[in-house]
Amino acid sequence: MSRALCRLDDIPDGEGRGFTLAPAEAEALAGGERDVFVVRRGGHAYGYVNSCPHVGTPLDWEPDRFMSRDRAHVQCATHGALFRIEDGVCVAGPCPGKKLRRLPLDLRDGEILV
Ligand code: FES
């Protein structure tokens with residue numbers, strides 16, 4: 001059984017939004033982690049656990065601020081690591097090659113589903 005987190009159009013293109021999963025969803029989808037976020041790029045949505053692979057802090061320095069200034073990457077607020085939007089791989093900063101943990105998503109009729 002899946003549920004909608006929000007509509008794709010609820011997230012501005014190039015931005016991210018944070019969500020809290022229910023415990024059972026977190027267990028099934030995110031290794032028990034409840035804090036997740038979704039980045040929209042055009043007609044695509046990419047979901048990740050909101051925990052930096054460097055030292056495990058949340059990535060956003062204020063709610064829903066997940067992106068670098070140019071919106072080309074996800075950026076960790078703690079030490080500035082940059083992650084590719086499409087696969088969550090760190091491409092700059094203190095944890096190169098490490099990855100954000102993926103949250104599997106479906107996109108159906110404009111709704112982002114977990
Ligand atoms: S905790 Fe994210 S870069 Fe250090």
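A residue is called buried when its relative accessible area is under 20%, exposed when that area is over 50%, and partly exposed in between, with a 1.4 Å probe and protein chains only. This definition is applied to several residues below.

The structure is a predicted model, in which local features need pLDDT of at least 70 and side-chain atom pairs count only at pLDDT 80 or more, while totals for chains, interfaces and linings use all residues. Residues are numbered from 1 along each chain as its sequence is written, and side-chain values use heavy atoms, with hydrogens and water left out.

The overall fold may be considered first. The protein chain contains one helix and ten strands; helices (H or I, at least four residues) and strands (E, at least two) are DSSP runs, numbered from the N terminus. Along the sequence, these elements follow the order β-β-α-β-β-β-β-β-β-β-β.

The next topic is the extent of the chain. The radius of gyration is taken over C-alpha atoms, and the globule rule is 2.2 Å times the number of residues to the power 0.38. For 114 residues, a compact globule would have a radius near 13 Å, and the protein chain agrees with this because its own value is 13 Å. Along the principal axes, the C-alpha atoms fill a box of roughly 40 × 30 × 25 Å. Of the 114 residues, 36% count as buried. The accessible surface of the protein chain, computed by the Shrake-Rupley method with a 1.4 Å probe, comes to about 6100 Å², and 47% of this surface belongs to carbon and sulfur atoms.

A contact means heavy atoms within 4.5 Å. Among contacts between residues at least 6 apart in sequence, 45% join residues at least 24 apart.

Charged residues come next. Lys and Arg count as positive and Asp and Glu as negative, whereas His and the chain ends are not counted. The place of a charge is NZ of Lys, CZ of Arg, CG of Asp or CD of Glu. On this basis, the mean positions of the 15 positive and 17 negative charges are 4 Å apart.

Side chains of opposite charge can pair when their charged atoms come close. A salt bridge is a side-chain nitrogen of Lys or Arg within 4 Å of a carboxyl oxygen of Asp or Glu. By this rule there are eight salt bridges.

One of them joins Glu111 and Arg7, at 3.9 Å from N to O. This pair links distant parts of the chain, with Glu111 in strand β10 and Arg7 in strand β1 (residues 4-7), 104 residues apart. Glu111 is partly exposed because its relative accessibility is 27%, and Arg7 is likewise partly exposed, at 35%.

Another salt bridge joins Arg71 and Glu15, at 2.7 Å from N to O. Here Arg71 lies in the loop between β4 (44-49) and β5 (73-75), and Glu15 in the loop between β1 and β2 (16-20), 56 residues apart. Arg71 has a relative accessible area of 41% and is therefore partly exposed, whereas Glu15, at 17%, counts as buried.

Arg41 and Glu86 also meet in a salt bridge, at 2.5 Å from N to O. Arg41 belongs to strand β3 (residues 35-41), and Glu86 to the loop between β6 (82-84) and β7 (90-92), 45 residues apart. Arg41 counts as partly exposed at 33% relative accessibility, and Glu86 is partly exposed with a relative accessible area of 33%.

Finally, Asp109 lies in the loop between β9 (106-108) and β10 (111-113). Its relative accessibility is 72%, so Asp109 counts as exposed. The C-alpha atoms of Asp109 and Glu27, 82 residues apart along the chain, are separated by 26 Å.
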